[in-house]
Amino acid sequence: MRVESECFSLQKAGNRKDEYEDAFHSSLTVHKDTAYYRFAIADGASESSFADIWADLLASGYCNGQFDSKHLDKSIAKLSKAWKRTLNPKALPWYAQEKLASGAFSTLAGITFRLTDASSAAFDAIAVGDSCIFHIRGDTIIAFFPLGSVEDFRNRPVLISSNAASNVHLQSFVKRWSGMAQAGDSFWLMTDALACWFWTRYEEDKSVIQRIRGLASEQDFIHLVQAERQFRCRDGSFSLRNDDVTFIRVHLVKGM
């Protein structure tokens, strides 16, 4: 089996590209007869300082094998040091320095595929917060992770902080997911606003899967997001909340 993937992203409407605070990464490593494909997304919390850098470190850390969910405190400590090294507190005004001390916050969702033959693949995933992974087979969502229902997006998500003091109880909120996938399956990774939109749309009309599967370019994705940000629901709210959006589309193809 082989893996094909694309990634699409767009900042909030009204923001510049350099104000995008999500992050995404992927990697491929081969060990003996097994290929390991890793994909990760992260959603930096806008109210915290330098959340974009922190989200990028979490996503890249997962894909580089630095994020050990069983020893979360050690993994985060190393990434936190890297986050602090990228900053220069002395160059910031005093109020920014005080905010910096509170740390940055972000969600994380990552999945690893282990490929050993032409027709199936094992996978393991972890998540903290409300960035989501959907397992798609045909025109159906056969599994979703880590939330239980679309209503869960209304709850404030647990976040990973660059400040160890804010992660005291984090280990109990780390979600894990393992399983097997077959050739033809797809896995879609989405940060919260896009995931909530997709899940809601899917419950109304399953054809949204074909709509998303048909995205052929970054411009197609931008047109979709912009249209849904402007479309009003019956209750007057917009179909897609104005937030940074990130989408990794992974497809498993039979053959080597």
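The model is predicted. Another open sheet of five strands has the order β2-β3-β5-β6-β10. The largest pocket holds about 660 Å³ of space.

**Strand β11 and its partners**

- Strand β11 covers residues 186–190, and β12 covers residues 245–253. The two pair in the antiparallel sense over five bridges.
- Two facing pairs link these strands. Phe-187 stands opposite Val-250 in β12. Ser-186 has His-251 as its bridge partner in β12.
- Strand β7, residues 132–137, is joined to β11 by five bridges. These two strands also run antiparallel.
- Ile-133 has Leu-189 of β11 as its bridge partner.
- Is β11 buried or exposed? Five of the five residues of β11 are buried, so the strand is largely enclosed by the rest of the structure.
- The side chains of β11 point two ways. Ser-186, Trp-188 and Met-190 point one way, while Phe-187 and Leu-189 point the other way. All of them are buried.

**The sheet with β6**

- Antiparallel pairing also holds in the sheet β2-β3-β5-β6-β10.
- Here the edge strands are β2 and β10. Each pairs on one side only.
- The twist averages 15° from one strand to the next.

**Strand β6 and its partners**

- Strand β6 spans residues 120–128.
- Eight bridges join β6 to β5, residues 108–115, and the two run antiparallel.
- Across this pairing, Arg-114 has Ala-122 as its bridge partner in β6. Leu-108 has Val-128 as its partner in β6.
- Strand β10 covers residues 175–182 and pairs with β6 in the antiparallel sense over eight bridges.
- Ala-121 stands opposite Ala-181 in β10.
- How many of the nine residues of β6 are buried? Seven are, so β6 is largely enclosed by the rest of the structure.

**A closer look at Ala-122**

- Ala-122 lies in strand β6.
- Its relative accessible area is 12%, so Ala-122 is buried, given that the cut-off is under 20%.
- Ala-122 touches Thr-112, Phe-113, Arg-114, Gly-179 and Met-180, not counting residues up to four places away in sequence.
- Among these contacts, Arg-114 is also the bridge partner of Ala-122.
- Gln-182 is 60 residues away from Ala-122 along the chain. Their C-alpha atoms are separated by 8.9 Å.

**A closer look at Asp-22**

- Asp-22 is placed in strand β2, which covers residues 22–31.
- Is Asp-22 buried or exposed? Asp-22 is buried, with a relative accessible area of 4%.
- Which residues does Asp-22 contact, leaving aside neighbours within four places in sequence? They are Ala-42, Asp-43, Gly-44, Thr-191, Asp-244, Val-245 and Thr-246.
- One of these contacts, Val-245, belongs to the residue range of β12.
- Glu-151 is 129 residues from Asp-22 along the chain. The C-alpha atoms of Asp-22 and Glu-151 are separated by 22 Å.

**The largest pocket**

- Rolling a probe the size of a water molecule over the atoms shows where empty space is left.
- How many residues line the largest pocket? The lining has 25 residues.
- Cys-196, Thr-200, Ser-237, Phe-238 and Ser-239 lie nearest the centre of the pocket.

Technical notes. Residues are numbered from 1 along each chain as its sequence is written. This is a predicted model: local features need pLDDT of at least 70, side-chain atom pairs count only at pLDDT 80 or more; totals for chains, interfaces and linings use all residues. Side-chain values use heavy atoms; hydrogens and water are left out. On a 1 Å grid over the protein atoms alone, a cavity is a set of points where a 1.4 Å probe fits but cannot get out, and a pocket is an open set with protein on both sides within 12 Å along at least five of seven lines; lining residues have an atom within 4 Å of a point. Grid points are joined across faces, edges and corners, and a volume is the space filled by probe spheres set on the points. Two strands pair if DSSP finds at least two bridges between them. Helices (H or I, at least four residues) and strands (E, at least two) are DSSP runs, numbered from the N terminus. Buried means under 20% relative accessible area, exposed over 50%, partly exposed in between (1.4 Å probe, protein chains only). Contact means heavy atoms within 4.5 Å. Axes are lines fitted to C-alpha atoms, for helices over the stretch in contact, and angles run from 0 to 180 degrees between N-to-C directions.
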